[in-house]
Amino acid sequence: MLSAERNRMLTQVDPGTPMGDLLRRYWQPIGGASEFDSKSVKAIRLLGEDLTLYKDLSGTFGLVDRHCTHRRADLSYGFVEQKGLRCNYHGWCFDELGHCIEQPYDDHTNPNDRRREKCAVKAYPVKEVAGLLWAYMGPLPAPELPIWEPFTWQNGFREIAISHVPCNWFQCQENSCDPVHFEWMHDNWSIRLKGKTGPYSPTHLQLKFEEFPYGFIYKRIREGGGDQDTNWTTGRVALWPNGFYLSSHFEWRVPVDDENTLSVTWFYMRVPKGREPYVQNTVPTWYAPVTDAHGQWITSHVMNQDFVAWVGQGRIADRTKEVLSGGDVGISMIRNRFFSEIDLIKTGADPKGTIRDPEAARCVELPCQQKQVLIDGIELGEYPKYPLLNQRLSGFRHLAGQPPEVRNAFVDAFGLER
Ligand code: FES
Ligand SMILES: [Fe+2]
């Protein structure tokens, strides 16, 4: 249970709030670069700020204010030029640093007027890594963007799936350090959703939570498992500050504002041995729906089930009313770490997980189950030995709504029958 004040501290993300300031110290994944194969400008709201994300004709990405500095027109209806984004109202043009590089009428009538220099628009740095677009909205100089090791793996089919989840980001992130929910929310609820009443899945017997420089690790033993199981020896990672890493995929809970979250996921599947070299020219990005045609929450897929839990806790979970128990140790650890990092940045220090050395950021290793299998690949016939990988061969169970063209590209990469 938390006080209302402490709950606000964890959940408010606007500029100037303690958590808003902390999260702005990290690069955040905000979309897929391949979204800009079919468009060049889009509106996006991040950390309570309305912004415009664009790719200009020279291929440079920019993230600028939603509104033009001139008379506040909506820049997401602007159009891109060889360099920069042009407001569609009177043609002012801004580059990715926010500089106003053209004011057509004034440039013509009064070319020596330096007023343009005062017309910069708010702008944040954007980088493209692993097909994802990343934004940094904090004080400069920006820290390094960590290149997580899986981003460097070769011969993999990668895809990015994004969902809009209408609740606060922190309850989503708490789920990254909550092992017991797998048993109930995914395994047992799925059994019931199929109309069966059992038998239920193996129960959790033992949990362990550890902290490391890039987050927290949870380990578990379930009935029938043992202390040699990689769920116990390696575990899974609640990636600091707002991610979840599960060996072959990442999930991030990116705050849109206090009541909305962008769920950004990145998946990697090594093609089977013998299908190399596999080179993916572009990483497909798709948007996964959270409700069906009747407005009901989709419950058929793993992350959709998570979304049901998260939004079910309320737009902003009221932690003054909760009752934590033994399985929630990881959640308390994460909350306490956030409170201490919020205090730390007030001293001017870099928060947990910040990397300033470009060499150190180049390939950052994380605890990973079955890493060699993911890197080296296995024969197609060996997949049944690896149930989590094997499930991917028959369909995409993480999120509903995978477009057929993405599935087909996966099937072709793996040499499966369409
Ligand atoms: S409002 Fe953008 S150029 Fe006038
Ligand atoms: Fe889950």
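Here is a short walk through this predicted model, one selection at a time.

Where they meet, 11 residues of domain 1 are in contact with 13 residues of domain 2. On the domain 1 side of that meeting place you'll find five nonpolar, three polar and three charged residues.

**Next, go inside.** Select Leu46, Ala135 and Ala238: these have the most contacts inside the largest nonpolar core, a set of 83 residues. Both domain 1 and domain 2 give residues to this core, so it lies between them.

**Stay on Ala238.** Show what surrounds it, skipping neighbours within four places in sequence: its contacts include Phe216, Tyr218, Phe244 and Ile334, and also Ser176 and Cys177.

**Now step along to Pro241.** This residue is in the loop between β15 (236-239) and β16 (243-245). Look at the bond joining Trp240 and Pro241: it is a cis peptide bond, with omega about -5 degrees.

**Jump to Pro277 for another one.** A cis peptide bond links Glu276 and Pro277, with omega about -5 degrees. Pro277 is in the loop between β18 (260-270) and β19 (285-287).

Most residues other than glycine have a negative phi. Select Ala130, in the loop between β10 (126-129) and β11 (132-135); its phi is positive, about 60 degrees. Then pick Asn155, in the loop between β11 and β12 (156-165), where phi is about 55 degrees. Are they buried or exposed? Ala130 counts as buried because it has 20 C-beta neighbours inside 10 Å, and Asn155 counts as buried with 20 as well.

Terms used: Residues are numbered from 1 along each chain as its sequence is written. Chains are lettered from A and ligands numbered from 1 in the order in which they are written. This is a predicted model: local features need pLDDT of at least 70, side-chain atom pairs count only at pLDDT 80 or more; totals for chains, interfaces and linings use all residues. A nonpolar core is a set of buried Ala, Val, Leu, Ile, Met, Phe, Trp, Tyr and Cys residues joined through C-beta atoms within 7 Å. A residue is buried if 20 or more other C-beta atoms lie within 10 Å of its own, exposed if 12 or fewer, and partly exposed in between; C-beta atoms are placed from the backbone. Domain bounds come from an automatic or database domain assignment. Two residues are in contact if their C-beta atoms, placed from the backbone, lie within 7 Å. Ala, Val, Leu, Ile, Met, Phe, Trp, Tyr, Cys and Pro count as nonpolar, Asp, Glu, Lys and Arg as charged, and the others, Gly among them, as polar. Helices (H or I, at least four residues) and strands (E, at least two) are DSSP runs, numbered from the N terminus.
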